[in-house]
Amino acid sequence: MSDLEPSVQALWALQHLVPGKGVSNKAVRIELDHAVRWWPLQEALNWLVDRHSAVRSSFPVVDGAPVRRVLGPGQVRAVIDMHHSGEDHIVDDLRQFAAHPFDLAVAPLIRVGVFATGPAKHVVCVVVHHIIVDATSVDTLVAELTDAYGSLCETSAPPPLPPAQAAPVPEPDPAALDYWRARVAGFDPAGMRLEEARTPGNGAPSFSGELLETYLSHPAVAALTSLRERCRTTEAAVLLAAYLTTLRGHGAAEDALVGVMTDTRAGRGGAAVGFHVVTMPLRVRVAGETTFAELAAAVARGVVDGLDHGVVSFEVLAQENDTFDPDDPQWWRHRLVRHLFNFRPGRAAEQPLGPGSALREVDTGLSRFDLELNAEWFGARVVLKLLYSTELHDGAFARRFLDRLDLVLRTAAARPDLPLAELDLRTDHDRRVVTEANATAGSWPPPHTVPGMAFAAGEPDAVAVTCDGRPTTYAQLWAAAAAVRTAVRGHGGGVVAIAAPRGAGVVAAVLGVWSAGASYLPMDPDHPAALLAHQLDDAGCDLVLGGADLPESVRAGRACLPVPDPSTMTGVVEAPPEPAPDSDAYLIFTSGSTGLPKGVRITHRNLANVVRHFAADLALGPSAAVAWLTTFAFDISALELCLPLAVGGRLVVASDAMRASPGPLLDLVERESVTMVQATPTTWRLLAPVAAGRLRDRVVLCGGEPLTGPLAEALLATGARVYNVYGPTETTIWSTSAALSDPDAPITVGRPIANTFVDVLDERGRPRPIGLAGELCIGGHGVTPGYLHRPELTADRFRTGAMGRYYRTGDRARWLPDGTLDLLGRDDRQVKLRAHRIELGAVDAVVQAHPAVSAAAVVLHGDPSADGMLVAFVEAQPRPGLDRELWHHAARVLPGYSVPSRFVVLDALPHTGSGKVDHRALSKLAECVDDVPQPAGAPADGLEADLVALWRQVLRRPSLGRDANFFLSGGTSLLAVRLAERAAVQCGTTVTMVMVFRAPTPAAMAALVRAEQAR
């Protein structure tokens, strides 16, 4: 017996972390067009076992630690497994056979199965545990097994091969250890997490994976050869540089580290069977200003220097400086190395059992790393095998990754001195998806403004507005608008403020202002006086229509005229003057980063485009009845006002009180036969639960805030036609739209509306590839002229590029493969807490999914690198224990570092004037949140007392109590094995290392043990 080297010890620990999975199994299949002979194959297998001591090795636990035990020839036997299969399920059968775990304590750690897929067709599958072999060893075993099989078939005797080679295990060199310690010092593995990687749920990792195999394109193979010659390096260095470049392009940090598989035989037993590789932790700076040629040179130097100093496996370094994070259930996956690279100059024989046979790898469906790239020559082609974790990535990502690696090689060969930051990773497919999504250009027939459309579409005697049950016709509306036009012209025009309750009078005021050649400023009298005065002063507004509810200090010095009452108006309707399309239609103020709102100018062309789009997309006509529900000073209110008028339909006014009163609002919708309702998620959360059947076949627009999955499901359950819409004020109300139909489908903001072009750009203004996040930028007819009196801000937020003039939204988004947009939240809502990137919007959605919560918003409080924590504010009915209930709910879905530490119940979340959650106010409120006392106490019973004693013994910390977290108290994975063994003996039941992860405190373990004993 002998102790284990660190790399072998790591494989042993990994197997015990997931004992029910063959996470480290290596498997190949030999496909035959004929039947295999059982006896020669059985004899060949046992001859192979006798020949190689590595195959006769086992790894039992002795005195609490794993050791290697090697049995002698003849002491170990393997039995061929025979299976019936078929062409339609052979792949699944092989995967199941290959993934079945070995018991490391029992030799041999090899098995062979024969699968009959037809009367004369067999597949031979060879499975070996990685702890006794590497890739070279697998090739040797397969070659010798086939040689022995052939010899036994012909002569009934094994082949006269020379004795098996042996390769000594190199002893750790203190100087090499010092070198590698210095090389990896200060490295943060979290930086190598790729941008598209999903956040796994809690619980032990499943290590599920898939293998994607493809060939480099012919141009990429030529590029590989060219770069090898031009950079004067090896093909392995070129491919590794391309791998690092592709990882960087997908979000890996510039301070990069990948594991490079390195053979330790070094000429001593070149064909020796055993685990003779180490994973060299190659650390390279992949900076944006670095060229590909420079990176390839740096990679080559790093490998050569590492070999010169003596190779040390990353497991040794990880064990010395364990990167275990008790809040991260996936910690094992990235102890220093998250991504692996392996290059082999050639492949084993294509026909191992002669003509009619073929050798292929078997995908076990398991993966130890985030990504594992294997490259090897196969004739004149280079085959790439990407093994990816399906806990983190999907097949579409894997295909995109390899396509972009191919592109990196081709681009680097054409421009080897191009800085990596300038390398465009968009493939032809990426470009095609975006181009097709942006194929929105078109022209609208005249009229080209909303008032022109309204006059042309509205029949004089048709009802234009219904308010409090009273109808107003188009004729009355235009007569009132004419009176407003006269009054506005008498005051010089310009910007006219409208401050009155929503109703027919306000509609007439808007139309009158427009026909006077002026623009309007919507006012909300409920806003603070200082804010209202700032808006009026900034707009240079001397005339206010309405204003009776404005504070006297705001009205002072300004002319205030009442809005007209259209019901009293009569007269002949004449066509009003139509404003110029590029003149301003209205001015609206939005919140600013300085605290003072900024005015956004919207032209008639801007407004007409969004109205035309939704009129056409929703097939609206004179029968349309749209609810005017949104406060007048919120920009989406303009769509509610204009859309029905533009098609000759009817505007149905809903009172302000109805936004918080689902019953009366739904009564209004049914009584007035409303066909379209628009609202923010805040309003829909109140309305949807009680709207079953009452919104059927009506159009529902939801926008202004992110739409969550539960809310989308609730809206669809009403039977309505649901649209998720998105757009900032600066691009005129809505810029994208998604029709929802599947409650289980991911929520996107869809595609751009008519004459709108969008893209996702990086910090330099360059388009991002599909799947990668950047700033969402919007161009087209909706882009407004900019901010009033703010030329510097206008120049910063409004830019000119490939899609013409566009607006930088400040929202993070990414293109999805189907050409829709996935909105990821504001740039300022992504936080980093103790090196973990967290999307607060994603945490919001999880907390809000709890049935007791109607709304949730999470903020970061404190120092994110030290004592920072997430605080969740929820709208819910307070009750004892709700905070613990919400914590467990979040912990079931989110990784530990994303679970809020505090839950604060509020009657209602604070909102901005536009109806959005006020995160700034919540951040200030978080400063007042008191610490919540944590439970403590002595062991509750004898079982807990015994487990507390074990915790203290294994960790050598006599002060630990029932709530001491094993890993926070100094525990490691190997110590967890020791603890599990002792706990199993102490408790008389099965205790595994996985159970220690699931229940890391004595109290939690006691509960788990009781559950096991009760089965």
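A residue counts as buried when its relative accessible area is under 20%. Keep that cut-off in mind as we walk through this predicted model, starting with Tyr 520: its relative accessible area is 2%, so Tyr 520 is buried. Trp 514 is buried too, at 1% relative accessibility. The rings of Trp 514 and Tyr 520 form a tilted aromatic pair, with 5.9 Å centre to centre and 50° between the planes. Both belong to one aromatic cluster, which also takes in Tyr 586, Trp 628 and Phe 632.

The count of aromatic pairs comes to 14. Another of them joins Tyr 179 and Trp 180, whose ring centres are 5.1 Å apart; their planes stand at 85°, so this pair is edge-to-face. Tyr 179 has 17% relative accessibility and therefore counts as buried, and Trp 180, at 1%, is buried as well.

Rings also meet charged side chains here. Arg 111 lies over the face of Phe 102, at 4.4 Å from the ring centre, while Arg 381 sits over the face of Tyr 215, at 4.6 Å from the ring centre.

Now let's turn to a sheet. Three strands make an open sheet in the order β39-β40-β41, and their pairing is mixed. The edges are β39 (855-861) and β41 (902-906), each of which pairs on one side only. From one strand to the next, the twist averages 25°. Strand β40 (residues 869-875) pairs with β41 in the parallel sense over five bridges; Glu 875 has Leu 906 in β41 as its bridge partner. Across β39, β40 and β41 lies helix α23 (residues 840-848), which runs at about 140° to β39.

Notes. Residues are numbered from 1 along each chain as its sequence is written. This is a predicted model: local features need pLDDT of at least 70, side-chain atom pairs count only at pLDDT 80 or more; totals for chains, interfaces and linings use all residues. Side-chain values use heavy atoms; hydrogens and water are left out. Two strands pair if DSSP finds at least two bridges between them. Helices (H or I, at least four residues) and strands (E, at least two) are DSSP runs, numbered from the N terminus. Axes are lines fitted to C-alpha atoms, for helices over the stretch in contact, and angles run from 0 to 180 degrees between N-to-C directions. Contact means heavy atoms within 4.5 Å. Rings of Phe, Tyr and Trp (its six-membered ring) pair if their centres lie within 6.5 Å; planes under 30 degrees apart count as stacked, over 60 as edge-to-face and the rest as tilted. Buried means under 20% relative accessible area, exposed over 50%, partly exposed in between (1.4 Å probe, protein chains only). A charge sits over a ring if NZ of Lys or CZ of Arg is within 6 Å of the ring centre and within 35 degrees of the ring normal.
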